[in-house]
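Here's a quick briefing to read with the model open beside you. It goes from the overall fold to the cores and then to one helix pair.

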Amino acid sequence: MTAIRDRLLAGLVQMYSIMRCPADSCLAGLPFPQPKHSEKFKNFRYNMILHIDMDAFYAAVELRDDPGLTGKPVVVGGSLSGRGVVSAASYEARKYGIHSAMPAAQAVRLCPDAVFIKPRMQHYAAISKQIREIFFRFTSLVEPLSLDEAFLDVTGCEKLFGDGPSIGKKIKRVIADELGLVASVGVAPNKYLAKVASDLEKPDGFVIVDADQVESFLKPLSISRVWGVGPETAKKFNSFGVQTIGQLRQLPRDTLERAFGLNSEHFWRLARGLDTRSVVPDRMAKTVSHETTFSTDIDNDDALMAWLLELTDQVGRRLRRHGILGKTVQIKVRFSGFDTIVRSRTQAAPSHTTQVLWETAQDLLASVRRTDRRSVRLLGMGVSNLTSNEKKQQGLFDRDDQAKANRMDVAADRIRDRFGGAAVKRGSSLAHEIKYQGDPRVIE
Ligand SMILES: [Mg+2]
């Protein structure tokens with residue numbers, strides 16, 4: 001017990017000495033990657049974003065499920081008697097001017113032959129889930145915007161699946177082959193451009209925005225393509241003689257500032273195709289996670305690993321308390337510039353053992369740190385793909401070390417339940433991780 005306590009103390013002392021290490025001394029002499037590529041390569045290297053948007057989703061599902069509807073103007077939502085509102089209109093119905101959010105009475109006037117179908121939201125949600133599963137085959141960085149559209153960050157997936165356009169094409173084809181539905185895809189260096197791109201050639205669109213063609217891509221587009229520009233703002237722009245994004249770029253910055261105040265910066269950046277927001281997967285309800293924001297940004301690997309272990313332990317404890325196991329481990333890293341990345345890995349078997357989860361989590365963080373050495377503002381750890389304890393197969397504890405790790409967890413949980421969370425910390429595991437030990441100022 002004394003030995004464990006000593007190791008625990010050593011771990012904590014190390015952790016706090018790292019925390020107190022001034023940022024400058026931690027950084028001194030480190031081989032930080034220097035920018036040595038052109039902007040284009042940089043964009044290509046760091047950002048490959050897809051925006052995938054299903055075409056007339058609800059209506060397309062109804063058309064797929066009932067071949068008798070083929071060629072007919074299909075309206076989902078509302079009724080022929082004129083009650084309710086249109087949720088979705090097939091492209092056939094759109095030819096008559098029918099669109100979503102239109103009162104059904106107006107839709108009936110525009111096209112008395114339209115077939116009105118009651119929305120089957122649960123059905124659409126189930127198909128949306130199938131679509132998302134397809135996305136997850138290519139990347140875990142999926143940010144759904146609604147049932148039928150999502151951003152995907154496929155940066156760094158080249159080796160496995162090819163570049164952004166190849167992945168976009170593959171996903172489009174898989175959705176068509178497996179689900180019989182059509183998606184429009186935009187491929188671009190950031191979210192804003194990807195979303196504009198996916199909408200340009202609907203239906204069945206596929207538009208690529210090269211990092212070095214952003215200006216020529218945006219220039220001819222209407223300013224209504226700029227996020228946040230509604231009919232009123234568009235009118236205001238028109239009064240300055242601005243109809244296109246190209247013309248918006250010509251507008252002097254101070255004019256823009258005087259006219260649009262706080263929004264001017266936003267418009268100025270989007271007109272240049274600048275958008276640094278990351279694709280952040282939605283915090284699924286089916287995730288158990290903990291995260292912490294540091295009072296001072298951390299750039300030291302040891303300190304980050306120590307925090308990650310602490311978070312993993314908290315997550316493991318929560319899983320055990322609720323009798324659930326998780327198969328997918330994810331970490332979230334927010335850098336000082338507010339860029340956020342999420343990395344995840346699905347394990348062979350579900351677990352709630354801190355040691356098992358920790359092995360995956362530290363691997364994920366180590367691989368992030370190998371390529372990105374920016375200081376970290378927030379660190380998070382989570383487990384998803386959850387199953388209840390009862391479903392767990394006996395075989396999982398066959399390995400002696402896992403059984404031991406599990407017993408340690410149970411013992412630690414018991415002590416903490418009695419004496420509070422701080423009573424037992426995993427100092428020993430910290431000391432065990434030789435890779436991350438040593439002089440806090442030396443980072444491999
Ligand atoms: Mg859509």
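**The chain at a glance**

Of the 444 residues in the chain, 36% are buried, meaning 20 or more other C-beta atoms, placed from the backbone, lie within 10 Å of the residue's own. Keep in mind that this is a predicted model: local features need pLDDT of at least 70, side-chain atom pairs count only at pLDDT 80 or more, and totals for chains, interfaces and linings use all residues. Residues are numbered from 1 along each chain as its sequence is written.

**Overall make-up**
- The chain has 19 helices and 12 strands (DSSP runs numbered from the N terminus: H or I, at least four residues, for helices; E, at least two, for strands).

**Nonpolar cores**
- A core here is a set of buried Ala, Val, Leu, Ile, Met, Phe, Trp, Tyr and Cys residues joined through C-beta atoms within 7 Å.
- The largest one has 66 residues, and Leu50, Ala59, Val75 and Leu152 have the most contacts inside it.
- Helix 4 gives the most to this core, with 6 residues.
- A second, separate core has 26 residues, including Ala303 and Val329.

**Helix 4 against helix 7**
- The axes (lines fitted to C-alpha atoms over the stretch in contact, with angles from 0 to 180 degrees between N-to-C directions) of helix 4 (residues 57–65) and helix 7 (residues 121–138) come within 11 Å and cross at roughly 95 degrees.
- So helix 4 is roughly perpendicular to helix 7 (65 to 115 degrees).
- Phe57, Tyr58 and Val61 of helix 4 meet His123, Tyr124 and Ile127 of helix 7 (contact means C-beta atoms, placed from the backbone, within 7 Å).

Key. Angles under 35 degrees count as roughly parallel, over 145 as roughly antiparallel, 65 to 115 as roughly perpendicular and the rest as oblique. Two residues are in contact if their C-beta atoms, placed from the backbone, lie within 7 Å. A residue is buried if 20 or more other C-beta atoms lie within 10 Å of its own, exposed if 12 or fewer, and partly exposed in between; C-beta atoms are placed from the backbone.
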